[in-house]
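Look at the sequence and the model shown here, then follow the description from the overall fold to single residues.

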Amino acid sequence: MSENPIAISNLNDFIFCPVSIYFHSLDYDTEKMTYQNSDQLNGTAVHTTVDSGTYSSKKSMLQSITVYSEKYNLSGKIDLYDSKKFQLIERKKKVHKIYDGYVFQVYAQYFGLLELGYRVDKFTIHSIDDNKTYPIPLPSEDNIMFSKFENLIDSISDFQFDDFKQSNINKCNRCIYEPLCSFSALKE
Ligand code: SF4
């Protein structure tokens, strides 16, 4: 795609559809768009709260640390880091299932934190609306997911718009950007 660092927040979007990253970068007001995909919108409100630093005043809870992984050329912000428990926490508005993209975002934050010198022993994804917490194995504890993560980074690095064709019409049917998208399978 480019030599610029890959935004951690783009990992999940890329899995959904690489073109959606382009629309996302244009910063459309997704709440006003007619077609809404809950998978695309669920993370947004939570991270707005995180970015404004309003979640927690506990000194052991570090929020919105900017991280960069040189190894994977990834950059972005973590959600929460508990410096007492050495725990990375990623909150989502409502988690219906643990999608691979959610795990990869946490992996990316994890590698970024490690390169900054933080210790991370465990991580969890927290679903705010129903107050459920899902422990996620570390990459070293899940070879299959770790391998998928590295393959995803390679795919993003090698991605070319010219070669892309969205073949999954169901994705376009659920996509908030479909009315604007010339790559849509619905427009063929
Ligand atoms: S409409 Fe289809 S091709 Fe376009 S961004 Fe959405 S999923 Fe991708």
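Of the 188 residues of the chain, 44% count as buried, where buried means under 20% relative accessible area, exposed over 50% and partly exposed in between, with a 1.4 Å probe and protein chains only. This is a predicted model, in which local features need pLDDT of at least 70 and side-chain atom pairs count only at pLDDT 80 or more, while totals for chains, interfaces and linings use all residues. Residues are numbered from 1 along each chain as its sequence is written, and side-chain values use heavy atoms, with hydrogens and water left out.

The chain holds 7 helices and 8 strands; these are DSSP runs numbered from the N terminus, helices being H or I of at least four residues and strands E of at least two. Among contacts (heavy atoms within 4.5 Å) between residues at least 6 apart in sequence, 64% join residues at least 24 apart.

In soluble globular proteins, nonpolar side chains tend to be buried together. Here the largest nonpolar core has 42 residues, a core being a set of buried Ala, Val, Leu, Ile, Met, Phe, Trp, Tyr and Cys residues joined through side-chain atoms within 4.5 Å. The residues with the most contacts inside this core are Leu11, Leu74, Leu88, Tyr107, Leu113, Phe123 and Phe149. At least two core residues come from each of α1 (10-16), α2 (18-25), α5 (100-116), β7 (122-127) and α6 (143-158). The largest share, 9 residues, is supplied by α5. Tyr107 touches Phe123, Pro137, Leu138, Pro139, Asp142, Met145, Phe146 and Phe149, not counting residues up to four places away in sequence.

Helix α5 also contains Gln109. Is Gln109 buried or exposed? With a relative accessible area of 3%, Gln109 is buried. Leaving aside residues up to four places away in sequence, Gln109 touches Ile8, Val67, Lys77, Ile78, Asp79, Leu88 and Glu90. Gln109 and Leu74 are 35 residues apart in sequence and 8.6 Å apart in space, C-alpha to C-alpha.

Ile15 lies in helix α1 and is partly exposed, at a relative accessible area of 33%. Its contacts, not counting residues up to four places away in sequence, are Asp100, Gly101, Phe104, Leu152 and Lys171. Ile15 and Asp100 are 85 residues apart in sequence, yet 8.5 Å apart in space from C-alpha to C-alpha.

Which residues are around the ligand? They are Phe16, Cys17, Val19, Ser20, Gln166, Cys172, Cys175, Glu178, Cys181, Phe183 and Ser184, each with a heavy atom within 4 Å of the ligand. This shell divides into 7 nonpolar, 3 polar and 1 charged; Ala, Val, Leu, Ile, Met, Phe, Trp, Tyr, Cys and Pro count as nonpolar, Asp, Glu, Lys and Arg as charged, and the others, Gly among them, as polar.

Most residues other than glycine have a negative phi. Phe86, in the loop between β5 (80-82) and β6 (87-92), has a positive phi near 55°. At 24% relative accessibility, Phe86 counts as partly exposed. Asn131 is found in the loop between β7 and β8 (132-136), and has a positive phi of about 55° although it is not a glycine. Asn131 counts as exposed, at 59% relative accessibility.
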